[in-house]
Amino acid sequence: QFLSEFQAEGSVSVKRKNAEFIFIGEVGEKIQEYLEYRKETGLSCSTLKGDRYYLRTLLTFLIEQNSNSLQSITPTLISAFIELQTEASLTTKFIFFTCIKNFLKFLHAINSDIPDLSNCIPKINYIRQAPLPTLY
């Protein structure tokens, strides 16, 4: 792909823009609402981008499990989702799980009929380490 672009145009673009993910269904609407709420609180664009990515991962999992309604989200389903995240580093898991936990708390806060599933997310014992020096 890069080679054909170079042959056709004589240059290679550094970064390609990803297509915008569309949050669908009842859960997708709540994710959009949550992201708007987070935007209003003054979060940086990069934090919102990360939240969008992590919540997109959750929504994709829920759609694959045919659970795109708020009432169909259960502790068992959340636990199954968490178990799939074994490949990530400790730092990534901490950020990922914090984002999902905050979204689940948000769902419970706006609709008390939805149980607070944030306690299904395990606590990660993460302590940010000082970076190692590159020169001695």
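Lysine 30 and glutamate 33 sit three residues apart in helix H2 (residues 25-40), which means that about one helical turn separates them. In this predicted model, the two form a salt bridge, with their closest N and O atoms 3.5 Å apart. The geometry makes sense in a helix: an α-helix has 3.6 residues a turn, so residues three or four places apart point the same way. Both partners are partly exposed, lysine 30 with a relative accessible area of 21% and glutamate 33 with one of 36%.

A search of the whole structure turns up two salt bridges, and the other one joins the side chains of arginine 38 and aspartate 51, at 3.2 Å from N to O. Here arginine 38 belongs to helix H2 and aspartate 51 to helix H3, so this pair ties together parts that are 13 residues apart in sequence. Arginine 38 and aspartate 51 are both buried. Leaving aside residues up to four places away in sequence, aspartate 51 touches Leu35, Arg38, Leu43 and Cys99.

Cysteine 99 has a relative accessibility of 4% and so counts as buried. Cysteine 45, on the other hand, reaches 67% and so counts as exposed. As for disulfides, a search of the whole structure finds zero.

Stepping back to the chain as a whole, its secondary structure amounts to five helices and zero strands, giving the pattern α-α-α-α-α when read along the sequence. The chain has 136 residues, and 27% of them are buried. Take the contacts between residues at least 6 apart in sequence: 59% of these join residues at least 24 apart.

Helix H4 (residues 75-83) shows how burial can be arranged along a helix. Its buried residues are Leu77, Ile78, Phe81 and Ile82. Looking down the axis of H4, these buried residues fall within an arc of 140°, so they line one face of the helix. Thr76 and Glu83 lie on the other side of H4, where they are exposed. And what do the buried residues of H4 pack against? Their partners are helix H3 (45-64) and helix H5 (90-110).

Besides holding aspartate 51, helix H3 contains isoleucine 63, which contributes to a nonpolar surface patch together with Ile22 and Ile24. The patch covers about 280 Å². Isoleucine 63 has a relative accessibility of 34%, so it counts as partly exposed.

Key: Residues are numbered from 1 along each chain as its sequence is written. This is a predicted model: local features need pLDDT of at least 70, side-chain atom pairs count only at pLDDT 80 or more; totals for chains, interfaces and linings use all residues. Side-chain values use heavy atoms; hydrogens and water are left out. A disulfide is a pair of cysteine sulfur atoms within 2.5 Å. Buried means under 20% relative accessible area, exposed over 50%, partly exposed in between (1.4 Å probe, protein chains only). Helices (H or I, at least four residues) and strands (E, at least two) are DSSP runs, numbered from the N terminus. The arc is that of the directions from the helix axis to the C-beta atoms. Contact means heavy atoms within 4.5 Å. Patches are made of residues with over 30% relative accessible area and no salt bridge: like charges are joined within 9 Å, nonpolar side chains (Val, Leu, Ile, Met, Phe, Trp, Tyr) within 5 Å. Accessible areas come from the Shrake-Rupley method with a 1.4 Å probe; for residues, only the protein chains shown count as cover. A salt bridge is a side-chain nitrogen of Lys or Arg within 4 Å of a carboxyl oxygen of Asp or Glu.
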